[in-house]
Amino acid sequence: MPSVKKNRRQKMGRAGGNAKKQNKKRKQQKRNVAIPSAVKANWDKAKTLQENMKSMGFAVDPNLVVPVKMDVDSKKTVTKPVEKPNVIQEMETEAAVPEKKVL
């Protein structure tokens with residue numbers, strides 16, 4: 001009959017749970033996010049995420065950009081100039097190119 005230490009040593013190597021589920025979870029965590037080349041090229045590592053997005057003309061939080069209630073009295077819309085308008089234009093041209101159909 002094996003001693004207690006041997007039983008413990010055998011159990012320590014095993015991970016709890018189903019191996020198939022764990023592998024699937026690892027694959028999901030490793031997935032790469034597809035970043036458009038225009039955004040990659042104009043990304044400034046010295047700036048924060050919000051500063052970068054604002055300079056390219058994107059909204060980090062859409063709730064702050066679009067007002068929930070519209071006042072009847074004030075119809076002024078203040079638009080701030082975009083520092084890097086070429087990013088949006090490049091993304092639009094990439095989106096206009098048809099995809100290659102692969103079977």
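## Overall fold

Along its sequence, the protein chain runs in the pattern α-α-α-α-α-α. The chain has six helices and zero strands; helices (H or I, at least four residues) and strands (E, at least two) are DSSP runs, numbered from the N terminus.

This is a predicted model, in which local features need pLDDT of at least 70, side-chain atom pairs count only at pLDDT 80 or more, and totals for chains, interfaces and linings use all residues. Residues are numbered from 1 along each chain as its sequence is written, and side-chain values use heavy atoms, with hydrogens and water left out.

## Burial, surface and contacts

Of the 103 residues in the protein chain, 8% are buried. Buried means under 20% relative accessible area, exposed over 50%, and partly exposed in between (1.4 Å probe, protein chains only). The chain exposes about 10,500 Å², and 56% of this comes from carbon and sulfur atoms; the areas come from the Shrake-Rupley method with a 1.4 Å probe, and for residues only the protein chains shown count as cover.

Among contacts with a separation of 6 or more, 62% join residues 24 or more positions apart. A contact means heavy atoms within 4.5 Å.

## Helix 4

Helix 4 spans residues 49-56, and its buried residues are Asn52, Ser55 and Met56. These residues lie on the same side of helix 4 because they cover an arc of only 95 degrees around the axis; the arc is that of the directions from the helix axis to the C-beta atoms. Gln50 and Lys54, on the other side of helix 4, are exposed.

The buried residues of helix 4 pack against helix 3 (37-42) and helix 6 (86-96). After helix 4 comes Gly57, with a positive phi near 95 degrees.
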